[in-house]
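Please read this report alongside the sequence and the model. It moves from a sheet to a helix, then to the cores and a loop residue.

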Amino acid sequence: MTHHPSRRELLRLAALASAFALPAMPLGAAIGGPRGTQAPGFFRFSVGDFAVTVLSDGHLETPAALLGANAHPAEVARFLEAHHLSSEINLAHTNHALIDTGEARVLVDVGSGNRFQPTAGRLMANMAAAGIDPASITHVVLTHAHPDHVWGMLDDFDDPVLPDARLLIGAAEAAFWLAPGRVDQVPEAMKPFVVGAVRSLEPVRDRLELVEDGHEVVPGLRMIATPGHTPGHMSLLAESGGQALLVTGDAANHALISFQRPDWVFGFDADGARAVLTRRRLAAMAAERGMAVLGYHFPFPGVGHVLAEGPAFRFLPALWRWQ
Ligand SMILES: [Zn+2]
């Protein structure tokens, strides 16, 4: 005798079927923007004995076409589409590391303040939300002098936001941006970058400590030369208790492309070939040594690990934890 499903069984099966049914039509890649104010952007974790807080300065929007300046535009578009990213706008987050070593509090970069894009300039507000007194910051490490990294140096009254912190920058970086007459030597599109860098750095020029590759900021924190994106770009390596965090700055500027397509030159890289070499060197080092990395422009909080994958790499984001 055949089994006739009861009405209850049929309803149960129908419910299951609809739960697993997939729409026949693709729904599109877009996840809409926020519908209200978001929570403050800070994230804490530890590296050995060091307490690290990632502070967001907000996000930036740049043309997606810049993501693979030396690649075929169709190839870049294909990559972006396959990863559900806009082929028009690159949405770049801005993740500042604040590393508390116990003896020092070291902030990496000062964001763009109110001088660049309206979606950024939230660093100091997020620092306040994280309960961190700006006066407690002992050192600022500047990775490079692009707008989103140094234009926040001065407040609305043109006073330095961190008047007492020591300011460290690569000697080659300062030499490049602050060279007399530099604005006349760069292409038209770069002139605002030079004007902005000078405006941000000149008022604190006598405080700038010009450093070289390997400079020890405090025990456990070392600046390493990572040129290419800019002539004197530097990254920061934090090491404590057998753990390590590599704060890349913009030496790796996209969580997917910088690793999966490390040879693609970013439109803002000053020296593309050099930037590629630096990017590969950092990715290989992080993968080999199991270091955590923090990318300034990766999706917040921008922390994760790097996996070597054939001739390239992959970024594995760390999982958010509440405790
Ligand atoms: Zn940047």
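## Strands 11 and 12

Strand 11 (residues 243–249) pairs with strand 12 (residues 292–295) in the parallel sense, over four bridges. Helices (H or I, at least four residues) and strands (E, at least two) are DSSP runs, numbered from the N terminus. Two strands pair if DSSP finds at least two bridges between them. L245 has A292 of strand 12 as its bridge partner.

This is a predicted model: local features need pLDDT of at least 70, side-chain atom pairs count only at pLDDT 80 or more, and totals for chains, interfaces and linings use all residues. Residues are numbered from 1 along each chain as its sequence is written.

Seven strands make up an open sheet with mixed pairing, in the order 8-9-10-11-12-13-14. Strand 8 (216–218) and strand 14 (312–317) are the edge strands, and each pairs on one side only. From one strand to the next, the twist averages 30°. Axes here are lines fitted to C-alpha atoms, for helices over the stretch in contact, and angles run from 0 to 180 degrees between N-to-C directions.

Is strand 10 mostly covered or mostly open? Five of its seven residues are buried, which leaves strand 10 mostly covered. A residue is buried if 20 or more other C-beta atoms lie within 10 Å of its own, exposed if 12 or fewer, and partly exposed in between; C-beta atoms are placed from the backbone.

Strand 9 (residues 221–225) and strand 10 pair antiparallel over five bridges. There, R222 has L237 of strand 10 as its bridge partner. Strand 10 and strand 11 also run antiparallel, joined by five bridges. Strands 10 and 11 form a hairpin with two residues between them. G241, in the turn, has a positive phi of about 55°.

## Helix 8

Helix 8 (residues 272–289) lies across strand 10 (234–240), strand 11, strand 12, strand 13 (303–309) and strand 14. It runs at about 95° to strand 13. Helix 8 has 18 residues and spans 26 Å from its first C-alpha to its last, close to the 26 Å expected at 1.5 Å a residue. The expected span is 1.5 Å times one less than the number of residues.

Which residues of helix 8 are buried? They are A275, T278, R279, L282, A283 and A286. Seen down the axis of helix 8, these buried residues fall within an arc of 125°, so they line one face of the helix. The arc is that of the directions from the helix axis to the C-beta atoms. An α-helix has 3.6 residues a turn, so residues three or four places apart point the same way. On the other side of helix 8, A273, E288 and R289 are exposed. The buried residues of helix 8 pack against strands 10, 11, 12, 13 and 14, and against helix 7 (257–260). G290 follows helix 8, with a positive phi near 65°.

## Strand 6 and the cores

Strand 6 (residues 166–170) has four of its five residues buried, so it is largely enclosed by the rest of the structure. Strand 5 (residues 139–142) pairs with strand 6 in the parallel sense over four bridges. H139 stands opposite R166 of strand 6. Four bridges also join strand 6 to strand 7 (residues 208–211), and these two run parallel. L168 stands opposite E209 of strand 7.

The largest nonpolar core has 62 residues, and V140, V141 and L168 have the most contacts inside it. A nonpolar core is a set of buried Ala, Val, Leu, Ile, Met, Phe, Trp, Tyr and Cys residues joined through C-beta atoms within 7 Å.

## D269

D269 sits in the loop between helix 7 and helix 8. Why does D269 count as buried? It has 24 C-beta neighbours inside 10 Å. Leaving aside neighbours within four places in sequence, D269 is in contact with G228, H229 and A275. Two residues are in contact if their C-beta atoms, placed from the backbone, lie within 7 Å. The C-alpha atoms of D269 and A251 are separated by 8.9 Å, with the two residues 18 apart along the chain.
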